[in-house]
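Thanks for coming. I will go through one model this morning, starting with a sheet and ending with a pair of helices.

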Amino acid sequence: MTDTDQHAPATDPALLDALREHVQGAMPATVADLSALVRLPSVSWSAFDPTHVRASAEAVADLARSTGVFADDAVRIVRSAVDGDTPQDADTPQGVDGEPGVELGQPAVLAVRPARNGKPTVMLYAHHDVQPQGDDALWETPPFEPTLRGDRLYGRGASDDKAGVMTHIASLRALHAQFGDDLDLGVVLFVEGEEEFGSRSFRTFLREQKEHLAADVIVVADSDNWSVDVPSITVSLRGNVTFKLTLTTLEHASHSGMFGGAAPDAMIPMVRLLSSLHDDQGSVAVEGLTAYDAPVPERSDDELAADAALLPGVRPVGTGPVLSRMWFQPSITVTGMDVPSVANASNTLIPTVSARVSVRVAPGQSATEARDAVERHLRAHVPFGAHLELSEPDAGDGFLVDTAGWAVQEARTAMREGWGADAVEQGIGGSIPFVSDLAAEFPDAQILVTGVEDPDTRAHSPNESQHLGVLHRAIASETILLARLATR
């Protein structure tokens with residue numbers, strides 16, 4: 001224990017100063033621990049070596065024990081069956097390695113400290129898996145060798161979301177330094193291992209661990225901030241629908257000189273069908289996809305061009321306020337295509353073409369409804385009688401945060417104390433589908449979506465980085481939030 005009275009309210013200047021001092025003094029160790037996590041290539045996709053994800057989970061479990069908040073036996077690595085998969089042997093519990101007939105998800109870390117004396121419980125969520133690095137040639141430094149340049153630590157997962165993991169770990173360390181074993185706040189640390197692979201076992205995990213996960217407040221550290229100097233509370237998320245679209249026109253490839261101009265190769269209807277998804281302004285033109293109506297801060301097309309790295313002369317797409325387009329309107333993106341490469345192109349009519357289509361769904365519309373609308377559009381607009389197949393579907397609902405709850409007010413205060421600036425309530429154009437799963441499983445919990453990213457983070461892209469000033473301020477804010485909940 002320190003000289004600070006552990007029962008002093010979190011508004012007490014001495015306690016706030018002590019918390020900030022501990023966070024500041026611990027930053028070198030925090031960055032070192034973050035760097036160690038980045039060195040583990042914990043890509044959760046099925047084509048990658050799962051031993052790296054396991055090693056990452058073990059490292060996170062060790063970090064959880066290092067906080068002093070949890071008893072050693074209260075920290076576990078857990079694997080659950082992929083959603084919808086059930087054991088063939090009913091006597092064998094789910095989540096056990098080697099269980100026959102059951103596909104298990106990637107390992108998550110779960111640590112629990114029960115609340116005492118009527119204090120609330122907070123769940124701290126992050127994920128330790130990362131996206132694939134992509135083309136190594138596009139990285140200025142090795143993707144899994146953390147590299148400090150200026151104020152930024154570069155590496156895959158340095159921000160998304162291993163910095164989120166370290167925000168929780170560093171905050172708990174600071175909290176334990178001030179409260180010690182007298183901490184009455186309930187704490188659940190849940191660090192998922194497959195968020196970047198669709199959280200395939202998430203719902204099963206929630207059902208199996210519901211008793212341990214129950215909380216009054218859930219903090220999801222997996223979002224963005226307004227800038228490196230101004231924090232954000234994310235109050236809306238778009239949903240998502242993805243699928244593989246395949247068009248086939250011929251039983252086999254044919255000579256383009258012999259049959260071109262009469263027989264349709266698959267690329268012609270694919271191009272026409274994909275172009276039908278947008279109007280001339282670039283707005284989504286699918287009947288049945290809705291938009292959400294809410295005010296947004298101002299952002300100019302020039303600011304968008306700078307933030308999104310538009311090339312000179314390239315115009316933004318869509319209509320309406322820029323942030324409304326990004327937060328509250330649907331979008332459709334073709335993220336990949338299976339066609340012959342230019343290097344391997346021959347003078348043939350292509351019989352089959354496939355595309356990966358990603359739909360962002362406005363908050364307030366269910367992903368199922370949006371998926372059905374897109375499918376109706378595609379089937380109604382497919383040209384030349386091409387055979388259409390939709391496969392590999394995935395979907396997740398968006399989310400709207402209730403900003404009237406007391407937890408949001410506590411978070412605003414904590415961010416003001418930790419950042420020295422008022423938080424901006426912002427929407428996010430991306431999707432975190434499991435947030436709606438958390439809300440469905442724990443309807444009485446207040447959910448706070450925070451984060452450590454900023455507009456220059458480049459999460460999921462080459463040269464991802466974490467701004468260390470943002471990390472410092474995010475840790476200070478979360479530490480103050482936890483202290484406020486502990487003395488509430």
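Two strands count as paired if DSSP finds at least two bridges between them. Helices (H or I, at least four residues) and strands (E, at least two) are DSSP runs, numbered from the N terminus. This is a predicted model, where local features need pLDDT of at least 70, side-chain atom pairs count only at pLDDT 80 or more, and totals for chains, interfaces and linings use all residues. Residues are numbered from 1 along each chain as its sequence is written, and side-chain values use heavy atoms, with hydrogens and water left out.

On that basis, there is an open sheet of four strands in the order β11-β13-β9-β14, paired antiparallel. β11 (331–338) and β14 (387–396) are at the edges with a single partner strand each, so one side of each has no neighbour in the sheet. From one strand to the next the twist averages 20°; axes here are lines fitted to C-alpha atoms, for helices over the stretch in contact, and angles run from 0 to 180 degrees between N-to-C directions.

Inside that sheet, β9 (residues 239–248) and β13 (residues 352–361) run antiparallel and are joined by 10 bridges. Val241 stands opposite Val359 in β13. Helix α7 (residues 267–275) lies across β9, β11, β13 and β14, and runs at about 155° to β9.

Next, the other sheet on my list. It is open, with three strands in the order β4-β5-β18 and antiparallel pairing. Its edge strands, β4 (147–149) and β18 (465–467), each pair on one side only. Three bridges join β4 to β5 (residues 152–154), and Thr147 stands opposite Tyr154 in β5.

Now the helices. How far apart are the axes of α3 and α13? Helix α3 (residues 162–179) and helix α13 (residues 468–486) pack with their axes 8 Å apart, at an angle of about 50°. That makes α3 oblique to α13 (under 35 degrees is roughly parallel, over 145 roughly antiparallel, 65 to 115 roughly perpendicular, and the rest oblique). The contact, meaning heavy atoms within 4.5 Å, involves residues including Met166, Leu172 and Phe179 of α3 and Leu471, Ile475 and Leu482 of α13.

Last, the whole chain. It has 13 helices and 18 strands. Its C-alpha atoms fill a box of roughly 90 × 60 × 40 Å along the principal axes.
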